[in-house]
Amino acid sequence: MSHKAILITGAAGYIGSHVLLQLQSRGEQVLAIDNLHTGFRQAVLSAPLIVGDVGDRELLTGVFREHGIDTVMHFAASTIVPESVHDPLKYYGNNTCATRNLLDSCMRAGVRQLVFSSSAAVYGNPAGGICDEELALAPVNPYGSSKLVSEWMLRDQAASSDFRYVSLRYFNVAGSDLQGRIGQSTRAATLLIKVACEAIVGKRPHVAIFGTDYDTPDGTGVRDYVHVEDVARAHVDALDYLRRGGAAAVFNCGYSHGYSVREVLESVQRIAGSTLVVREEPRRAGDPPTLIARAERIRSQLGWTPQLDNLDTIVDSALRWERKLQREPW
Ligand code: UD1
């Protein structure tokens, strides 16, 4: 059976561009949209790209009408947690309000399937650090709140119509396309693996450990790092699930085990074969000690089977991309 086209918002960004490649490689018809504020035109490779805002209802209604789209994958968002603390309205605007407008455009145009990029940030600081989808949601920063309110909108819209969605709550997405075509190119990055790789290639003088006194095995924060290619695979699985008629659902997307900041930095140094300048600094505001996914649901209901669950594999791909960026800056 032939399917209609998929609109990928934020397709020039880190995760969107990896999903776009996987969808294209299995022959899906895709259309990219990105305002290129933080994304990179090069990341879209050969897909058709519309430059514009997902919150622009007039634009989106026209796009839906012209391109025969029946599914949206919605990645476009602002994603820097510390920035969200200083500029919350930017996050509610770019994430929550834009999602509301996008959803409104979908409803008007008869688009009834959407895959949403949510985040482990919706859990906040859960006791024990293990996040089950049924846990009470209590984000501790505006980024997490902006994603949670978007999830609520999707839930309520699905309850009141024939609209169906899958919300994927990503844990710590890292790494790059194994073929080295695209990767994480974010400017002013704050994410640990990206920052450590930048330090290895000399883009930064050092890397900081934010907090060494957490109640974790080595005192540093523990996170569930998940390879961006496996995250992309979860989107393909979510698409198939919606096409099978699957009901609206929320899934964690993580490997169900974590690594500490020190373990990550050791991996980076091992893979690079060189030493980082590491500075121990105070805790960063809003950082929970441990965040690890419970992820039985995504495996059983979507059939998600991760293939790159290995920290060194993640770091190796991230570092290869960072070195490529050094040679050929985007
Ligand atoms: C945050 C969000 C997550 C979101 C991600 C990307 C929370 C709780 N988590 O992840 O949902 O998907 O951003 O937007 O809001 N660290 C250092 N030195 C550094 C950088 C980080 O020690 O230079 C430590 C942090 O304290 C933390 C770990 O490394 O323990 C991971 O941090 P980071 O990579 O920034 O991601 P999160 O904050 O976990």
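A polar contact is a pair of N or O atoms within 3.5 Å. The views below use that term for a predicted model.

**View 1. The start of helix α10.** At the start of α10, a side-chain oxygen of N310 comes to within 2.9 Å of the backbone nitrogen of D312. Helix α10 covers residues 311–327.

**View 2. The length of helix α10.**

**View 3. The buried residues of helix α10 and their cover.** Buried residues in α10 are L311, I314, V315, S317, A318, L319, W321, E322 and L325. An α-helix has 3.6 residues a turn, so residues three or four places apart point the same way. Among the elements that cover the buried residues of α10 are the helices α6 (192–200) and α8 (261–272). The cover also includes the strands β8 (172–174), β11 (225–227) and β13 (259–260).

**View 4. The shell around the ligand.** The ligand has 23 residues around it, and those that come nearest are T79, S119, A208, R223 and D287. By class, 14 residues of the shell are nonpolar, six are polar and three are charged. Which element gives the most to the shell? Strand β9 does, with three residues. Both α6 and β9 (207–210) supply at least two residues each.

View 5. A polar backbone atom of A208 lies 2.7 Å from a nitrogen atom of the ligand. Oxygen atoms of the ligand take part in the other contacts shown here. One lies 3.0 Å from an N or O atom in the side chain of N141. At A121, a backbone N or O atom is 3.2 Å from an oxygen atom of the ligand. On its own the ligand has 740 Å² of accessible area, and the protein covers 94% of this.

View 6. Residue T96 is part of helix α4, which runs over residues 88–109. Is T96 buried or exposed? The relative accessible area of T96 is 9%, and buried means under 20%, so T96 counts as buried. The side chain of T96 reaches the backbone oxygen of S146 at 3.0 Å. Apart from neighbours within four places in sequence, the residues in contact with T96 are Y91, S146, V149, S150 and M153.

Note on methods
Residues numbered from 1 in each chain as written. Predicted model: local features only at pLDDT ≥ 70, side-chain atom pairs only at ≥ 80, totals over all residues. Heavy atoms only, no water. Helix = DSSP H or I, 4+ residues; strand = E, 2+ residues; numbered from the N terminus. Expected span 1.5 Å × (residues − 1). Buried < 20%, exposed > 50% of the residue type's maximum accessible area, 1.4 Å probe, protein only. Contact = heavy atoms within 4.5 Å. Polar contact = N/O pair within 3.5 Å; in protein donor to acceptor, adjacent residues only side chain to side chain. Near = heavy atom within 4 Å. Areas by Shrake-Rupley, 256 points an atom, 1.4 Å probe, with all protein chains shown as cover. Nonpolar A, V, L, I, M, F, W, Y, C, P; charged D, E, K, R; others polar.
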